Amino acid sequence: MTSPLVEAPLFRVGPVPVDGSVVTSFGITAALGVGSFLLTRRLSLVPSGKQAALEALVSTIDDQVREVVEGDPTPFTPLIGTLFIYLVAANCIEVVPLLHSPTARLETTMALALIVFLSVYFYGIRANGFGGYMKHFIEPTPLLAPIHVLSEITRTFALMMRLLGNIMSHGLVLAIVVSLAGLFVPIPIMAFGLFVGLVQAYIFATLAAVYVAAAVESEQHAQGKALR
Amino acid sequence: MTIQSWSILGAVIAVCFGAIGPAFAEGRAIASAMEAIARQPEAGGTISRTLFVGLAMIEAIAIYCLVIALVLLFANPFVH
């Protein structure tokens, strides 16, 4: 059995090896980017069918973000919405024959978790200033600073591993079922995989929103919130 | 027994016993959330969002065990 943590490179660009998940990931990004560009090219005040569907999607994400950040969702929706839509596409692309989820690879989820990690600092410093944001490390007492640093690292690690573990282990389970039992038995499990992909995309986006919101909001607000 | 056999045994034990605790915890969390939604259906949105985030936190424990199992099987530092 080959390791699920390494993948043979498809081809090389100079010294950089490129494997299948990178190609899939770039393909999804290009498809989503071109699709969004084409859909938002001729916006009108009286929406057509396509624009109405798009507005419904965006305003749903807006509402979800508003409930988490308890304020204006406008600065956060681009990040959270992009993460959600990309993850839905990346988790569910497994059902297309010959394609594999890029999120079943350590590198992709690590990159996404790093994006969230850095955006927490970006939004926190933009909202509270550098000193104001860094002050939360020594609150309520400087003794707790190591715990804060540890929690920053472990929650990013958990974000990475949760997505990877769910998507990759689902692929492994599917492979075992296919090798045990025939043609039609894996189909319900594949359908369940679509559900798992959607739920994981939702959880990743919600957790990113919770982390960013916790970095932005003021101290007395943050203490009332258990989810750090 | 060779170190490979011990690694496979360790991976099995990690996943088996590591899944028990999170399974009970998720069951309790979902049961309480359903009770809360049944009592107060209008708070369903907030409760289910908090439930999802909490489930993700609980699930992380099981995922850590999976990571240890995978490291033992595929990236074992003691096997060259």
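Biologist: Why is A:L79 called partly exposed?
Modeller: A:L79 has 19 other C-beta atoms within 10 Å. A residue is buried if 20 or more other C-beta atoms lie within 10 Å of its own, exposed if 12 or fewer, and partly exposed in between, with C-beta atoms placed from the backbone. The count of 19 falls in between, so A:L79 is partly exposed. Please keep in mind that this is a predicted model, in which local features need pLDDT of at least 70, side-chain atom pairs count only at pLDDT 80 or more, and totals for chains, interfaces and linings use all residues. Residues are numbered from 1 along each chain as its sequence is written, while chains are lettered from A and ligands numbered from 1 in the order in which they are written.

Biologist: What makes a stretch count as a helix or a strand?
Modeller: Both are DSSP runs numbered from the N terminus: helices are H or I with at least four residues, and strands are E with at least two. Chain A has eight helices and two strands, in the order β-β-α-α-α-α-α-α-α-α from the N terminus.

Biologist: How do you know that the length of α3(A) agrees with its number of residues?
Modeller: The expected span of a helix is 1.5 Å times one less than its number of residues. For the 16 residues of α3(A) that gives 22 Å, and the end C-alpha atoms are 22 Å apart, so the two agree.

Biologist: Which residues of α3(A) are buried, and what covers them?
Modeller: The buried residues of α3(A) include A:T77, A:I80, A:F84 and A:Y86. Their cover includes α1 (20-39), α2, α4, α6 (145-180) and α7 (186-216) of chain A.

Biologist: What describes a pair of packed helices?
Modeller: The angle between their axes and the distance between the axes. Helix α2 (residues 49-69) of chain A and helix α3 (residues 77-92) of chain A have axes that come within 10 Å and cross at roughly 115 degrees. Axes are lines fitted to C-alpha atoms, for helices over the stretch in contact, and angles run from 0 to 180 degrees between N-to-C directions. From α2(A) come A:V58, A:I61, A:D62 and A:V65, and from α3(A) come A:T77, A:I80, A:G81 and A:F84; two residues are in contact if their C-beta atoms, placed from the backbone, lie within 7 Å.

Biologist: By class, what does the contact of α2(A) with α3(A) have?
Modeller: Five nonpolar, two polar and one charged residues. Ala, Val, Leu, Ile, Met, Phe, Trp, Tyr, Cys and Pro count as nonpolar, Asp, Glu, Lys and Arg as charged, and the others, Gly among them, as polar.

Biologist: Why does A:E70 count as exposed?
Modeller: A:E70 has 11 C-beta neighbours inside 10 Å, and the limit is 12 or fewer, so A:E70 is exposed. The residue is in the loop between α2 and α3 of chain A, and its phi is near 50 degrees, a positive value in a residue other than glycine.

Biologist: Where in chain A is confidence lowest, and where highest?
Modeller: Confidence is lowest in helix α8 (residues 219-223), at a mean of 48, and highest in α3(A), at 93. These are pLDDT values, the predictor's confidence in each residue from 0 to 100. Chain A averages 85, and the mean for chain B is 89. For the complex, the predictor gives an ipTM of 0.78 and a pTM of 0.85.

Biologist: How many residues of chain B are in contact with chain A?
Modeller: 12 residues of chain B are in contact with 14 of chain A. The chain B side has 10 nonpolar, no polar and two charged residues.
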